[in-house]
Amino acid sequence: MKPNNKLKRFLLCIGITFLSVFTSAFVTAQDQCDTTQQCRVKFGSSATDCRDSRSNSSICICGSERCDIQASPKLPSFYFDFGTSDSPRQVGYLRVTSSSLTGTARWIDGSSLRSLDREKNTHLNRDIIYSRYARTFRVRVPNGSYRVTVTLGDTYSHDNMVIKAQGEIKASDIDRRANEWRNETFSVDVSDGNLDLEFSDAGGSDRNWVVNAVVIEGTSSTAPTPKPTPEPISTPLPESEYTIISIEAESVSPVGYWRSHSYFETTPATEIRRTGLIFDPPNSFLSGPQSNQTLVYNFKTKEAGVYNLALFMARDTTRFSKEDPGGSGAWGDPRNNDVYFKISESQSKKVVHGPMRLFFGSRRDLNDRLVWGNMYDPTNGGKEGWKNSSIVKHALKANTEYKLEVTGRGDGVILDRISIKTTANQRNTERHRAPVGERIPQLPKVSIKTSDLSQYHAMQEWSKAGVERGIPKNLKIKKTINPGNNIQAAIDEVANGGGGVVLLKNGIYKLSGTSGIKMKSKVVLRGESRAGVRIESRLTKGPSILFDRVEYAGVENLTHQFYFGNSDPRHDWYGNPDNNKSKIDSFHMTINSKNNWIKDCNIINSGNHPITLSGSHHTATGNYIDGAYNKGGGGSGYYNIWKGSYMLVKNENIRNLRHLGILMQNTFYNVVVDNFIATDINFHLGDVGHNLIEGNSIHLPKHHGWGVVSTGLPRFKHMGPGDGNIIVNNLTRHDKYNTSEYSQENLVYTMEGYGGPVPTKIKVPKEGRFYVPAWGDEVQKQISFVNPTPRDNAILGVGSNLEVTVEGQGDIQSIALYRDNTFVREELQEPYEWSGNKDVLLQNLAEGKYEFRAEATFADGMRANKSFMVTIGDSTQLSKRIQAEDFDAQSGIQNVLGKKVGYVNNGDWIRFNGLSIAQASSFSVNVATPTQGGTIEIRSGSLQGPLLGSVDVSNTFGWDKFVSLQTNVASVYTSTDIFFVFKGSGNGYLFDIDYFQFD
């Protein structure tokens, strides 16, 4: 035991007052150090002395104060802008929408949440998230104290709003007048790693709460001591075909020398703030596991089997040195940065495995400060065992609670999370670890006919990606030219003649100077053979082939090659031998173009971007793309989806580029599917979201530094990705890092902020894939009426002229229209339209009922028919139409922009005073909903009055997809108040109502 020298030190220290000694006696709680070095290990370089080092109450001094009572380390701050996915975002803030349901900042329950952009005021105030139900927004933060500022306001007034934090009311009776925005500020202490903000409304004149923004500022990292809680039982995350249990390290309270730790993981492509537990003792423990340094995690299995345990760990090289007897400080020293672990049954205490020592291999994975993974069991392959098996395997029972104990041993170990999964899952993952080459995942072929497009809201939109109704087939050759002929003149000639194919005979066609090829609408440039037709470009101003303000133009079956100087481009990552001077794109589609395609072409050695897809509904398929001279900074050498929507990139072979980029605003509903890609897929510059990356083989070479799916970086002022991007069922391989990330079969990932994808709980559709093409050979051949609005009956006044529009899917050659089996007219090309201005049988229709039938003939001779009925009656019937928003009284609903009744919930109602519906026998209503809908009850006189009739409303697949529904009603022979009472299950919105009428 150390001798007590307090009195001696008191006599020797001049100027030490009795008060300071008295205070010191009470604040010194434990023996902190023997040497100054130990203080520096514990408190960092600010530690300057170990005071009273020979006493039992030694303390570490930082400057002139005790290190342990200095101001706590600064905690991070978080900034959130709430609104829609495409409204402007405040600079420096992260976007939060009503669909932000996963990640480190998310809604616990997203039902009945709505996002809205008022399109006025500042970026921060113009958009809102709102609901009438209490909803909680959760942010994962390091434990500590925080100051929270919430901005609330709207162009409409709101009252009686309430904010809770950690279950405690922080602000209540919050009122905002129309066009008033104010902040509510309060303090929150976090002890469980989650900061929860609950928003609700206590009633009043408006039942909705709103929120514009939230700022969370760390004030102190000394969090209140949490209440004792049982050791946590982990839950399976995320759900999949196999059992996966994922446990965050900080889900248990730190013990001994373990402490909470927040830090950045940095790679060439990502900057991710992580939180975990760091083991930071003054010396390594060489004598074995220490019970007072043990973290305890409980988990429960679902089924029996062999499970794989993986500890996701890093080491911080600044935390150990050669002065530490526990290790040399050198990379690969087995004495450094290791842990012990043990698994036992919770109830019987039986040890299943361990205690086993795990330690790092010698690999440098990311940078010189942190090294991730590579923990290995020395009994499983010796010193280099991690190369053979970085995951320890254990046979576990079904429905059994287990205890995992992790004991610190070496200083500087950071424990981030723990993963436990069945070997079936591991085998499924391991198949991706073999070199993927050009293997494409074999996903099932499905069609709209067999698919449930309601399973994920974007599937309906993804099905429309690419050229609408597919790339046209059987187009006629209108012009054939040979090498030396003018390609542009041939294109112009065919365009002036109504369109068709310009066929290039085999040979070399040269482009030089400043004029490339400008495509024209309905013209296809096609090579006689893919290898035999070569367009050689030496342009000094480009692009080589431009699609600007054109539709239904394409390039097919040829080779394009760009030449810069006398050498090929370097294919390594930052290959710029021309000093970024090559700015010549090969194929460029502008934002003013639509429905164009590039098919079955070779695109070799582009100057800058080989393909840029802007605008909408373009298809790139079957192309081989290899190399670009300019792959430098500032956005060069990309396969570019830029300010584009509904693009289809399919069956491409893409090599030696900087990125496949999904970039900029207005970029959404794009599909990248079934490709081989030897570059990363990169989201940056603020895409809108809802893009699909499915079924690709992504194989990055050693010289490529970015992750297989990545984002830009905030330090380069890149904006983060939008919401709803889906990454699923891709085969990946990164030769530089020897990893196969995001390859788990049927595990759906999304992008959240900067960094790589994160797993979700979204289920893969039962058919096995999200992309279900709406066009092409795989599609059911069908047609539908889009005007009149698709419904069973259309009701028009006597003497009306009818207008008819038909859309179809498949290789349609013609569509004929019939009225009561009498031929009206045949349309040979889009748009398929008929009207009273052209067609006598659609003019001045007399009273009665008519059947109109459209018959489509397809290229293979097959036919499809679709019919609808039109009722021509007294035009006064139209005056009986009543707009739903013209009610006299209501409960619960809202008038949406003066156009419809919306935000309808179970139990809401509207009332119309003194309606005269004498002799009415039927009722029709125009409604829309993307949900399961509900029922409209029609009652006379009161909410509980006689039931005149009811209408069941089912999913119409969109808030803007209105349909007309009819039912029979009982007659009321006097004027009366009519109540429409809305019923449905759950708390979500049921439907929107446009108008109704009694007949």
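Predicted model: local features only at pLDDT ≥ 70, side-chain atom pairs only at ≥ 80, totals over all residues.
Thr 667 itself is placed in the loop between β46 (653-663) and β47 (671-673). With a relative accessible area of 0%, Thr 667 is buried. A polar atom of the Thr 667 side chain also lies 2.5 Å from the backbone oxygen of Leu 663.

The residues that follow were examined for aromatic pairing. Over the whole structure, a search finds 28 aromatic pairs. In one of them, the ring centres of Phe 668 and Tyr 669 are 5.5 Å apart and the planes stand at 80°, so this pair is edge-to-face; an angle over 60 degrees is what places a pair in that class. Phe 668 counts as partly exposed, at 25% relative accessibility. Tyr 669 has a relative accessible area of 17% and is therefore buried, because the limit for buried residues is under 20%. Elsewhere, Phe 80, Phe 82, Trp 107, Phe 137, Phe 199 and Trp 209 are linked by ring pairs into a cluster.

Aromatic rings also occur together with arginine side chains. Arg 114 lies over the face of Trp 959, and the distance from the ring centre is 4.4 Å. Arg 853 is placed over the face of Tyr 818, at 4.4 Å from the ring centre.

Nonpolar side chains tend to be buried together in soluble globular proteins. In the model, the largest nonpolar core has 57 residues, and Leu 504 and Tyr 639 have the most contacts inside this core. Beyond four places in sequence, Tyr 639 touches Ile 611, Leu 613, Ala 620, Ile 625, Val 649, Glu 652, Ile 654, Leu 657, His 659, Leu 660 and Gly 661. Another core, of 37 residues, lies apart from the largest one, and its members include Val 148, Ile 163, Val 210 and Tyr 903.

Helix α7 spans residues 487-496, and its buried residues are Ile 487, Gln 488, Ala 490, Ile 491 and Val 494. Viewed down the axis of α7, the buried residues fall within an arc of 160°, so they line one face of the helix. These buried residues are covered by elements that include the strands β29 (477-481), β30 (500-504), β31 (507-513), β32 (517-518) and β33 (523-527). At the start of α7, the backbone nitrogen of Gln 488 has a side-chain oxygen of Asn 486 within 2.9 Å. Just after α7, Gly 498 adopts a positive phi of about 100°.

A further glycine, Gly 354, belongs to strand β23 (residues 351-360). Gly 354 counts as partly exposed, at 33% relative accessibility. Apart from neighbours within four places in sequence, Gly 354 is in contact with Phe 341 and Lys 342. Between Gly 354 and Phe 341 the separation is 13 residues in sequence, and 6.3 Å in space from C-alpha to C-alpha.

For the chain as a whole, the model contains 7 helices and 74 strands. The protein chain has 999 residues, of which 53% count as buried. Where contacts join residues at least 6 apart in sequence, 69% of them are between residues at least 24 apart.

Note on methods: Residues numbered from 1 in each chain as written. Heavy atoms only, no water. Phe/Tyr/Trp six-rings, centres within 6.5 Å; stacked < 30°, edge-to-face > 60°. Buried < 20%, exposed > 50% of the residue type's maximum accessible area, 1.4 Å probe, protein only. Lys NZ or Arg CZ within 6 Å of the ring centre and 35° of its normal. Core = buried A, V, L, I, M, F, W, Y, C linked by side-chain atoms within 4.5 Å. Contact = heavy atoms within 4.5 Å. Helix = DSSP H or I, 4+ residues; strand = E, 2+ residues; numbered from the N terminus. Polar contact = N/O pair within 3.5 Å; in protein donor to acceptor, adjacent residues only side chain to side chain. Arc of directions from axis to C-beta.
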